[in-house]
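Hi! Here is the structure I promised to pass on. Have a look through it first, and then read my notes below.

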Amino acid sequence: MLKNRIIPCLDVKNGRVVKGINFIDLKDAGDPVEQAKIYSDGGADEICFLDITASNENRHTIYDVVDRTSKKCFVPLTVGGGVRSVEDINKLLNCGADKVSINTAAVQNAKVVEDSSRKFGSQCIVVAIDAKRKDGGWEIFTHGGRNSTGINALEFASKMEKCGAGELLVTSMDKDGTQSGYDIELTQKISSMVNIPVIASGGVGTLDHLVDGIKSGASAVLAASIFHYGTYSVNQAKQYLASKDIPVRI
Amino acid sequence: MNVTIVDYNSGNISSVINSFKEVAKDKVNIEVTSDLNKIKSSDKVVLPGQGSFKSCVDALNNISGLVDTLNEFAIDNKKPLLGICVGLQMFADVGYEELETKGLGWISGKVSKIDNQNGKYKLPHIGWNELNIVKDSKIFKGIENNSHMYFVHSYELIPNDKNVVSAITDYSSNIVCSIEKENIFGTQFHPEKSDKAGLKIIDNFINL
């Protein structure tokens with residue numbers, strides 16, 4: 001039976017982890033490679049890097065991070081943030097990323113998703129959807145949630161599936177950072193509508209939130225803060241899910 | 001010893017390279033090449049594959065003499081070869097992804113889309129699933145039954161002779177997840193992304 005995945009996410013800026021695990025015994029708490037290794041050794045089913053480097057001059061730093069991480073971590077590695085073109089995707093894959101997540105570029109030009117999934121295969125193309133509640137539905141936002149688009153999130157999800165996305169990473173902008181749980185209705189609506197796996201994201205504060213995310217139809221749950229601040233380890237999260245009869249890899 | 005990973009523009013093979021280098025350390029030389037002479041002279045060959053069946057077969061055919069060299073290596077000289085994901089699928093006679101496409105014909109059978117039971121199962125089949133070992137395989141030495149492996153695919157190999165199947169996994173139906181036929185090995189899952197158990201399988205192949 002296919003197991004539900006738990007995916008810890010690390011925010012990386014200029015090649016350094018800005019929001020990461022606060023372990024006192026870390027030699028270099030800012031080193032993404034060391035943190036990713038802790039997660040993979042701890043049973044993470046996949047690692048996600050979100051590159052939040054703002055300046056273009058420092059964009060190359062993520063390539064070095066991915067390259068070094070992929071030599072140490074032997075679980076799938078997803079990289080997102082600032083991916084603009086098929087060429088950007090190509091570079092990340094060549095450095096050792098297994099999947100690339102595309103957000104703004106997918107909204108601005110769906111062809112990036114079509115072309116890249118045809119070129120590299122759907123299995124490595126994740127479309128990240130940042131959605132916010134509006135008028136009884138959800139609207140998608142780009143540029144890390146700053147710009148509104150007027151585009152309906154459900155319609156966009158369906159369009160991205162047709163364009164060849166292999167997975168959808170659905171983040172609720174309303175819930176992100178609140179630690180009050182995923183937007184369950186959003187996850188439910190999208191995952192019942194599409195036939196590709198959905199990763200729920202945004203709002204996890206407790207282990208029950210992970211359970212709720214899976215029960216709402218997500219194939220995987222992504223979380224940042226609960227792992228970063230050492231509230232729970234990935235292994236604790238998995239044990240808890242297993243105790244609630246949710247199939248996980250232990 | 002030389003192990004060659006065939007680089008034929010089949011998509012992203014950096015993870016395969018990294019994992020083999022990690023396991024090989026300094027004991028075994030890992031070559032990444034499409035050079036026919038290097039492939040011929042190597043002791044073992046790894047055939048990765050990502051993307052569609054058709055795109056991988058096309059990429060193999062684009063390198064003049066490569067298919068003949070692989071045939072000579074695996075079929076005539078019976079040297080060990082490991083296919084990963086679409087690399088395994090290409091062993092079949094024919095694949096039905098995009099367009100009907102002829103495969104290498106090493107394992108009689110076909111590659112078709114996983115029956116998702118009208119949307120009951122999501123595709124691609126992405127994530128960790130259990131290895132149900134149905135036959136002893138040299139690459140499973142030290143691997144516990146029901147170990148988890150990382151999968152990502154929408155198509156499955158359906159061999160005519162079920163005796164080549166060494167493990168299956170349950171997703172919608174029993175999906176072939178590995179085969180062994182004499183010197184030919186293949187995994188539908190990605191050992192290079194399957195954590196310690198995956199690295200052990202790579203180690204077993206290298207040490208055959």
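This is a predicted model: local features need pLDDT of at least 70, side-chain atom pairs count only at pLDDT 80 or more; totals for chains, interfaces and linings use all residues.

**What turned up**

Over all chains, the structure holds 23 salt bridges. Another one joins K99(A) and E46(A), at 3.1 Å from N to O. K99(A) is in strand 5 (residues 99-102) of chain A and E46(A) is in the loop between helix 1 and strand 3, so this pair ties together parts that are 53 residues apart in sequence. Both K99(A) and E46(A) are buried.

**Where the chains meet**

How much area do chain B and chain A bury between them? It is about 2,700 Å², with 50% of it on carbon and sulfur atoms. Chain B brings 30 residues to the contact and chain A brings 36 residues. On the chain B side, K122(B), I126(B) and W128(B) supply 26% of the area that chain B buries against chain A, more than any other three residues.

There are also 21 residue pairs in polar contact between the two chains. Strand 8 of chain B gives the largest share of the side that touches chain A, 6 residues. Sorted by class, that side of chain B has 8 nonpolar, 14 polar and 8 charged residues.

Salt bridges cross here too: 3 of them span the interface. One of these links E130(B) with K3(A), at 2.4 Å from N to O. K193(B) and D98(A) also form a salt bridge, their closest N and O atoms being 2.8 Å apart. K193(B) lies in the loop between strand 14 (184-187) and helix 6 of chain B, while D98(A) lies in the loop between helix 3 and strand 5 of chain A, so the pair joins two chains. Are these two residues buried or exposed? K193(B) counts as buried at 4% relative accessibility, and D98(A) counts as buried at 12%. Elsewhere, D45(A), K238(A), R249(A), D195(B) and K196(B) are linked in a network of salt bridges.

**On the inside**

The largest nonpolar core has 74 residues, and M160(A), L168(A) and L210(A) have the most contacts inside it. Helix 6 (residues 153-163) of chain A gives the largest share of this core, 6 residues. Apart from it lies another core of 63 residues, among them V6(B), I13(B), I39(B) and I202(B).

Helix 2 (residues 61-70) of chain A is mostly covered, with 7 of its 10 residues buried. Among the buried ones are I62(A), V65(A) and V66(A). The elements covering them include helix 1 (32-41) and helix 3 (86-95) of chain A, together with helix 1 of chain B.

Last, have a look at D31(A), in the loop between strand 2 (16-19) and helix 1 of chain A. D31(A) counts as buried, at 14% relative accessibility. Leaving aside neighbours within four places in sequence, D31(A) is in contact with R16(A), V17(A) and R68(A).

Terms used: Residues are numbered from 1 along each chain as its sequence is written. Chains are lettered from A and ligands numbered from 1 in the order in which they are written. Side-chain values use heavy atoms; hydrogens and water are left out. A nonpolar core is a set of buried Ala, Val, Leu, Ile, Met, Phe, Trp, Tyr and Cys residues joined through side-chain atoms within 4.5 Å. Buried means under 20% relative accessible area, exposed over 50%, partly exposed in between (1.4 Å probe, protein chains only). Helices (H or I, at least four residues) and strands (E, at least two) are DSSP runs, numbered from the N terminus. Contact means heavy atoms within 4.5 Å. Buried area is the accessible area (1.4 Å probe) that two parts lose on being put together, summed over both. A salt bridge is a side-chain nitrogen of Lys or Arg within 4 Å of a carboxyl oxygen of Asp or Glu. A polar contact is a pair of N or O atoms within 3.5 Å; within protein, one must be able to donate a hydrogen and the other to accept it, and residues adjacent in sequence count only if both atoms are side-chain atoms. Ala, Val, Leu, Ile, Met, Phe, Trp, Tyr, Cys and Pro count as nonpolar, Asp, Glu, Lys and Arg as charged, and the others, Gly among them, as polar.
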